[in-house]
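Colleague: I am new to this structure and would like to go through it with you slowly. Could we take one topic at a time?

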Amino acid sequence: MSSRTLPLLFLNLGGEMLYILDQRLRAQSIPGEKARKDEWTDVDRKRVMNDIIATMFNKKFMEELFKPQELYSKKALRTVYDRLAHASIMRLNQASMDKLYDLMTMAFKYQVLLCPRPRDILLVTFNHLDAIKDFVYESPAILNQVDETFRQLIETYTCLSDGEFQLIRQTLLIFFQDMHIRVSIFLKDKVQNSNGRFVLPISGPVPWGTEVPGLIRIFNHKGVEVKRTEFTTAGNYVTPQREGSFELYGDRVLKLGTNMYSVSRPVETHMAGSSRNTASHAKVSSTAPNPLAKEELNLLARLLGGLDIQKPGGGETGFRLNLFTTDEEEENAAQTRPEELSYKVINIEATQERREELSRILGELEVAEPHPDSAGKGEDLLALMDGL
Amino acid sequence: YRRERTLALRSSSSALYNNLAVLCAPARPPRAFGAVHGTTLSLLGTEGPPRQLPARGGGSALSTPLLTQAAWCQLPARVLLVLTSQRGVQMYEADGSTLVFWHALDVPEHPAAHSAFARGIAAAGERFICVGTSSGAVLVFDIPPKGTNVTLSEVLEQHRDPVTDIAAEQGQAPDGAGDLVTADDSGTLCLWSTGEEFTLLGKIPGSGCTCSSVTLWNGIVAAGYGNGQIRLWEAGTGQLRAQVSAHARWIYALDLAPLTGKLLSGAEDSFVHVWKLSRNPDTDDVEIQHCHAECVTDTQVCGARFCDPAGDTFAVSGYDLGEILCYGPA
């Protein structure tokens, strides 16, 4: 509903994706001298992270992202992350990509749900961006791109009212509705129940600007307080200490959105039993197919256009990253994934329109930039075709 | 109170303000429940299987719009089920079987920075249904006793922020107190007297904290806010009469039982509270007492409604919950 939701969704999911990839790459990396041709090294890891982050914060992409627009469908968004994850020499099988996306979405759903105030979603975003800047601190050019986006976030969002932030939050919660995939790191930390639902604590600090519940104040018709009474409930709340910073640099105070993965804590998701109740099926988009698919492809087409897609071939074999502990596990996961949880990633070649042209785009390594003076958003794609 | 039964919905409820509609019958259990799930309204009636009503207005270039709220509007002559969405207002016969009226909002072709939607529904003045919009305008529809000849009678333009909720006087309004209250995102409350022409009687300025839910009873406005507070205002004078630190998170729903003055509040903090409003006959002070607290474990409450006019029973809906929880006397 809020037309300003997409940047926050994209950046936070992207941030989670980077945390997970970084953890898996570190877990699977081998010291440089000992590495065989098909094994990861630290250098490879940094290269992958830099490539993905550079693509994510590409100036044109960000411009497109920050335009007021409705949220993409789940399918369309998943396809964007597919492309993003493959922006470098790294390759992921379908099963690993599915697991990656499950982890990303459940993590951000958790963060949105537990945000004390709707405005704190911005602090969560800043936590992700702070960490991303840490990943690329050695590359000033990419760091600059991230800082630019940071500034744009501040400019776009800090002036919004609480009501507008709540609308953004409600829009995000509609997007995440009915997703109850169990994540082992959440289960272990007792933030998620075995039925896939998150634990909502009824203790701890209240949000900044809220009072600890319990006080009733009565005023007379002149506005003078005449009585105070108290009531008690099961909750155990305290006043918060300070507010997080919304500046470019600062202590965010909030822990949501910081990196919860570390090399020693492998992350698994559990498929079995996660969708017993009909109402809790992960929602495969059952609304009419989004005719805005043209718009979504437009963004993807531009993304593809800006990329130098590394085709695995010749010397490089295309390093494969496995999100599971063994290859057998990955294979097994692919075969046992419940139907209702399959993402049905948009296969661009399968669309009815412009089938041949789109196949050609995918096949080529470089694509012409769209005409700068195209009439409207939907026209860009057609102009792109004409330019080929 | 204690938990009585759980009614299964076809789909879970979305995190939207006042997301539970109940069609009450005077001396019996409710006839129907409704909760919004994204683009559809999940309906649960006493007869027949559960149903779903979709949002209207998805044209060829637009995807299915999201619903924001649904409510049964009980007028003397008829009861209509009203749905508000990103595209407009849909009115159905009470059982959801027939579309009576559709009003499309002026929606810009390309999304503007400010989202467009309708939100806030109330029956008012015996023959009107009022619906709020994201521009702050309140649409007043004149409802004929039967048939589909609904007309837009007036557009009230006093709010400058998106409307969140609208409530009509459920008891006896003291003189000059007005019989309708409208609330918005900035916490501003407007008091109106209804009729051929609606008149603005008073405005209580907001302080930037969203008022997400509001009720009006015997000249007392009860308002729930984003900072978890419930405030009671004197409708006639705009004077603040009580302030309650009621919830630890954003309040999503308020409801009032007109026979007893019981007030129900539900919030993101998983709690539902029952309060008792009264007026001290000697001092004329407004009083509010806490009666009961329910914790809906691991659920952010998004809808709460009394199921009878005395407030002996109530129902609760929550985000991602595929059920409606019903509570009755202990």
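Modeller: This is a predicted model, in which local features need pLDDT of at least 70 and side-chain atom pairs count only at pLDDT 80 or more, while totals for chains, interfaces and linings use all residues. Residues are numbered from 1 along each chain as its sequence is written, chains are lettered from A and ligands numbered from 1 in the order in which they are written, and side-chain values use heavy atoms, with hydrogens and water left out.

Colleague: Which side chain meets Arg78(A) in a salt bridge?

Modeller: A salt bridge here is a side-chain nitrogen of Lys or Arg within 4 Å of a carboxyl oxygen of Asp or Glu. For Arg78(A) the distance from N to O is 2.7 Å, and the partner is Asp98(A). The pair links distant parts of the chain, 20 residues apart, since Arg78(A) lies in helix H4 (residues 74–85) of chain A and Asp98(A) in helix H5 (residues 94–114) of chain A, where helices (H or I, at least four residues) and strands (E, at least two) are DSSP runs numbered from the N terminus. The side chain asked for is that of Asp98(A).

Colleague: How many salt bridges does the rule find across the interface of chain B and chain A?

Modeller: Over all chains the structure holds 30 salt bridges. One that joins the two chains is formed by Lys227(A) and Glu287(B), at 3.3 Å from N to O. Across the interface of chain B and chain A, the rule finds 3.

Colleague: What area is buried between chain B and chain A?

Modeller: In contact, meaning heavy atoms within 4.5 Å, are 62 residues of chain B and 64 residues of chain A. Buried area is the accessible area (1.4 Å probe) that two parts lose on being put together, summed over both. Carbon and sulfur atoms give 52% of the area between these chains, which is about 4,900 Å².

Colleague: Which strand of chain A pairs with E21(B)?

Modeller: Two strands pair if DSSP finds at least two bridges between them. Here 3 bridges are found, in the antiparallel sense, and Arg217(A) stands opposite Gln243(B). The partner of E21(B) is strand E4 (residues 215–219) of chain A.

Colleague: Which residue takes a positive phi in the hairpin of E24(B) and E25(B)?

Modeller: E24(B) and E25(B) run antiparallel and are joined by 9 bridges, with Leu277(B) opposite Ile288(B). Between the strands of this hairpin there are 6 residues, and the one with a positive phi, near 65 degrees, is Asp284(B).
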